[in-house]
Amino acid sequence: MRLDPRRDYPLASHRPELLRTPTGKRLDEITMEAVLAGEVVAEDLRIAPGTLRLQAEIAESSGRPQLGQNFRRAAELTALPDEKVLEIYNALRPRASTKQRLTEIAEELERDHAALLCARLIREAADVYERRGILAC
């Protein structure tokens, strides 16, 4: 099924049946009553990787491939603990990491998390940082 941005976006309004929380709840199950009854947990308030992939499809169908790639990378990152995402973010700051460290992060993302798009981006960043002279010594 291909999403049509003109018909299906925003997904929450036009295609809510496609959206689920990471625990599998439908959007209409996230209500104040459910929160007060303890039926909604913190994980229910996070975005699910499937939702991000749907957003990527919408973006790409709208002629925004870079935004689509950002959503696809974000979908990969949902599998990582928040601390790991922050560690990667900090490692990507100019002069914060050596090329070897960035390569190790990319390898870990591929090996342990199947985050191939994120790994590719980190390798690309390492090459650009090297060309621009902004790697750590």
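The buried residues of α6 (82–91) are covered by elements that include α7 (99–113) and α8; helices here are DSSP runs of H or I with at least four residues, numbered from the N terminus. This is a predicted model, in which local features need pLDDT of at least 70 and side-chain atom pairs count only at pLDDT 80 or more, while totals for chains, interfaces and linings use all residues. Residues are numbered from 1 along each chain as its sequence is written, and side-chain values use heavy atoms, with hydrogens and water left out.

Which residues of α6 are buried? They are K84, I88 and A91, where buried means under 20% relative accessible area, exposed over 50%, and partly exposed in between, with a 1.4 Å probe and protein chains only. Seen down the axis of α6, these buried residues fall within an arc of 65°, so they line one face of the helix; the arc is taken from the directions from the helix axis to the C-beta atoms. The face turned away from that buried side carries the exposed residues E83, L86 and Y89.

I turn to the salt bridges. A salt bridge is a side-chain nitrogen of Lys or Arg within 4 Å of a carboxyl oxygen of Asp or Glu, and by this rule the count comes to 19. In general, an α-helix has 3.6 residues a turn, so residues three or four places apart point the same way. E104 is partly exposed, at 34% relative accessible area, and R101 is partly exposed, at 28%.

A second pair is K25 and D44, whose side chains form a salt bridge at 3.0 Å, N to O. This pair links distant parts of the chain, 19 residues apart: K25 is in the loop between α2 (11–14) and α3 (32–36), and D44 is in the loop between α3 and α4 (49–61). Both K25 and D44 are buried.

R111 also forms a salt bridge, with D112, the closest N and O atoms being 3.0 Å apart. R111 is exposed, with a relative accessible area of 59%, whereas D112 counts as partly exposed at 45%.

How values were computed:
Helix = DSSP H or I, 4+ residues; strand = E, 2+ residues; numbered from the N terminus. Contact = heavy atoms within 4.5 Å.
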